Structures are given as structure tokens and as C-alpha cells.
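Work through the exercises below with the coordinates open. Each task is followed by a solution in steps.

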Amino acid sequence: MSEKELALFQPYATAQNFLSAEEMDRLIAEHASLVTEGKVSSGNLDSSLRRSRIAGVAHEQKHAWLYQRLWAAVQVCNPQCFDVDVVGVEPNVQVARYDSSKSGFYDWHYDFGPAKPTRKLSISIQLSSSADYDGGDLELLYGNVPKQLDRTRGAFIIYSVAVLGSVAT
């Protein structure tokens with residue numbers, strides 16, 4: 001069996017304007033009252049590892065457009081950059097808030113674990129304007145220097161769960 005050479009192999013890929021301003025505003029507004037404390041992969045609260053507030057985006061007709069768009073993006077990015085076996089988007093998309101007034105963060109971690117052992121890729125979409133907050137930088141660690149990723153509103157970021165990630169204060 002021969003190995004496949006990936007055209008663009010890298011630990012992450014990005015795109016601009018993945019969602020419109022109206023779509024992002026709607027997601028934020030719909031979920032603002034639903035946020036609860038973010039848990040770590042074990043399902044427990046641990047403020048030494050994560051301080052955030054999250055709300056699930058239900059996999060229902062109202063949000064079918066989002067799940068379909070995410071799946072379409074995975075189908076484009078995966079064969080070019082990752083080439084992992086994926087079968088769909090997990091029905092647990094989240095809106096997350098890292099509040100700087102509460103020193104919000106998520107320490108270095110892998111986006112898989114006992115609760116999600118089959119996850120291969122993670123996606124982040126920047127819903128807020130970077131001018132509206134301090135900190136909150138999504139960082140990936142591959143090699144020995146953390147890489148700060150795009151903070152532009154509407155930026156789509158997909159990365160391998162085998163890469164350490166954090167949301168810095």
C-alpha cells in the first residue's frame with residue numbers, strides 16, 4: 001500500500017467570512033441565556049483547567065444550515081490537509097464565551113478524551129470582533145512555539161485533535 005501525499009498538510013487550516021455577521025449575531029443572541037459553566041473532557045467542572053461559559057447548538061432543523069455548512073467545510077479541508085476518517089459533524093456544536101473579567105481561559109488540552117474518543121478534527125469560528133475583547137486567543141502547539149490563530153470575526157479554523165490547543169487569557 002502506498003502512502004497518500006497531502007497537498008497542503010498542516011496542523012490547521014483557516015478561511016475568512018465563514019458565517020455572515022447576521023448569522024453570527026443570531027447564534028450569539030439565541031444562546032446568550034443558555035450558557036452554563038464549561039466542563040473539561042471528563043465531564044467535570046475544573047476552574048484550574050477551564051473557565052468559560054458554553055451553550056450547545058442543538059442538532060435540530062433550526063440549525064441544520066450550520067451543521068450542513070460545517071460538514072461541507074470538513075469535506076473540502078479534510079482530504080487536502082488531514083486525510084482522516086470522518087463520518088459527520090458531532091451533534092454537540094457549542095457557542096463558548098471566555099469572559100476576560102472572570103479570567104476566562106482553557107488550558108492546554110487535546111480536543112478528544114474519554115467522552116469523545118473518536119473525534120479527529122475540531123472547528124472554531126470566531127463569532128466576536130477581536131476589538132470587543134482582550135485575551136481569548138485560540139492557540140495551537142505543534143513544535144515548541146505556540147501559534148496564535150486568526151481572531152478575525154467570521155474566521156473558520158479547523159485543526160487536528162492530535163495538536164495541543166488552548167484559549168489564552
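The model is predicted: local features need pLDDT of at least 70, side-chain atom pairs count only at pLDDT 80 or more, and totals for chains, interfaces and linings use all residues. Residues are numbered from 1 along each chain as its sequence is written, and side-chain values use heavy atoms, with hydrogens and water left out.

**Exercise 1.** Determine which residues of helix α1 (residues 21-31) are buried, and how they are arranged about the axis.

Step 1. Helices (H or I, at least four residues) and strands (E, at least two) are DSSP runs, numbered from the N terminus. Buried means under 20% relative accessible area, exposed over 50%, and partly exposed in between (1.4 Å probe, protein chains only).

Step 2. Glu-23, Met-24, Leu-27 and His-31 are the buried residues of α1. Their directions, taken from the helix axis to the C-beta atoms, fall within an arc of 100°, so these residues line one face of the helix.

Step 3. Exposed Glu-22 and Ala-29 are on the face turned away from the buried side. The buried residues pack against β4 (53-57), α2 and β5 (93-97), where contact means heavy atoms within 4.5 Å.

**Exercise 2.** Describe the surroundings of Arg-151.

Step 1. Arg-151 is in the loop between β9 (145-148) and β10 and is buried, at 17% relative accessible area.

Step 2. The Arg-151 side chain reaches the backbone oxygen of Ser-130 at 2.9 Å. This is a polar contact (N or O atoms within 3.5 Å, one able to donate a hydrogen and the other to accept it; residues adjacent in sequence count only if both atoms are side-chain atoms).

Step 3. Beyond four places in sequence, the contacts of Arg-151 include Gln-126, Tyr-133 and Asp-137.

**Exercise 3.** Why is strand β7 (residues 121-125) described as largely enclosed?

Step 1. Four of its five residues are buried, so the rest of the structure largely encloses β7.

Step 2. Five bridges join β7 to antiparallel β10 (residues 156-160); pairing requires at least two DSSP bridges. Ile-123 stands opposite Ile-158.
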